[in-house]
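Subject: Two-chain model for you to look at

Hello,

Please find the structure below. Have a look at it first, then read my notes.

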Amino acid sequence: MNVLRVNLLDKSERRHQGPVSRRFAFVCAMVTPVLLIAVIAATKMVQLGISKHDLETKRADWERLQPSLVEFDEKAKELDESRQLLELFEAWEKSRLPMEDLLEEIRDIVPERVELKQLSLGVTLDRTMRFGFRKPEEMALKSRLQIGGLIREERDKASECMTGFLEDLQSNTVLGDSFSSKKINQIGPLVIRAGTDGSAASEFKIQGEAK
Amino acid sequence: MINFSQLTKEQKQYVFLGVVALAIFVWLGVLGAKEVLSSMTSIDTELAEVDGKLKDGLRKEAEYKQVSQDYLPTVQQTMKYLVQDIPNRNRLTEIQTKIYLLEKNTELTVFDIKEIPLAPGGSAGGGAITLNSYALQISAKASYVGVLQFVAALYKEFPLVRVVYLNIRSQTQEPEQHLVEIQVQWLCDFHSFLQKWEGIDALSTSQDAESEAALTDD
């Protein structure tokens, strides 16, 4: 049976029959994105503010530190120079031949029957050598050892004496610090000479080179 | 669902206005967000840069303080040697005086001191510092012990000196007295370093005071 329904309400007076009104749904659809954007924007603004504050603090720290750093850089240069200078001094110290120790050792090693005629240590200076040093290695000296003398013994005993003397020189630790033990050698054979008192004597020459 | 056709004319107008307002708002929001994001990116970059600089600076500061603290005593020790520098003028005379004074306390007789000219300058490479030296030859007469005493005294009194060559030759006429040739190199020209280094005035003043006090005591 058909029931006739007469709607007497005006279109604007009709109410929506759903769970929420059209007006509410409309307002929600408009306001929600706006609120969402506003919240995100506020969060970002706060983050921006914090970052700005952080930056200002760090900038201030940097401004405070910068003059000191310029000074430190200058000082660091000076420090490098003084470090370099100290390295040169250390190299100088190392390059000094321990003359006193070497002379004492040689004196103790020389056998009783050996008479030294000449002893030289080091390297002679000449015009080809520079007086200025820029690098530690420039200070190193290629020192040499030269010993010349007489052995007041008969030929056979003189050879024995010479061998013993050489061995003592080669095995000496103080000499070993400045000269290579392998490079301390006799130069030429023993030369027989008549001593001033008429006794037999053998002339010898020994040469050593730095390590 | 809301059916657009079912809305009243007034509602349709509101919807239209709302959509336009939302679009403008979203557009402004996007612009603002872009701006904020770009500012934040630049701030973050600058922040990272400043932070890096700061960390580097603080590390340098700490390192410098540590090094200078460790270094200062050594530098001061070296300064003590440097202030003994021989003057540029009358260098030979100055050294001769020092050597003759030294000779008095040893059994060695110096009869000649002369300069050995060397080639100028150091090598082209190396650092900014150049140490200069002055070379001279001492001719003397002494016993072996005398040579030993002299060399020991020379090294003890003058740390900036090195004996480069030593030659002892015996004489037939005087077997106990040998002819001695000593070549030495003397480090010099420290005036530039002395001027640079801080505290030298105080150091030399205190040394002068010490010397004066020692002289007064004598």
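Which residue in β3(A) is the bridge partner of A:Ser120? It is A:Gln146.

First, some ground rules. This is a predicted model: local features need pLDDT of at least 70, side-chain atom pairs count only at pLDDT 80 or more, and totals for chains, interfaces and linings use all residues. Residues are numbered from 1 along each chain as its sequence is written, while chains are lettered from A and ligands numbered from 1 in the order in which they are written.

Chain A
Chain A has four helices and six strands. (Helices are DSSP runs of H or I with at least four residues, strands are runs of E with at least two, and both are numbered from the N terminus.) Along the sequence, the pattern reads α-α-β-β-β-α-α-β-β-β.

Of the 211 residues in chain A, 18% are buried. (Buried means that 20 or more other C-beta atoms, placed from the backbone, lie within 10 Å of the residue's own.) Among contacts in chain A with a separation of 6 or more, 68% are between residues 24 or more positions apart. (A contact means C-beta atoms, placed from the backbone, within 7 Å.)

Chain B
Chain B has five helices and four strands. The order is α-α-β-β-α-β-β-α-α. Buried residues are 19% of its 218 residues.

Where the chains meet
The contact involves 67 residues from chain A and 68 residues from chain B. On the chain B side, six elements each supply at least two residues: α1 (9-82), β2 (131-142), α3 (144-157), β3 (161-169), β4 (178-188) and α4 (191-196). The largest share comes from α1(B), with 28 residues. By type, this side of chain B has 38 nonpolar, 21 polar and nine charged residues. (Nonpolar covers Ala, Val, Leu, Ile, Met, Phe, Trp, Tyr, Cys and Pro; charged covers Asp, Glu, Lys and Arg; the others, Gly among them, are polar.)

β2 (residues 132-133) of chain A and β2(B) run antiparallel over two bridges. In β2(B), B:Leu131 is the bridge partner of A:Phe133.

Best wishes

Note on methods: Contact = placed C-beta atoms within 7 Å. Pairing = 2+ DSSP bridges. Buried ≥ 20, exposed ≤ 12 C-beta atoms within 10 Å, placed from the backbone.
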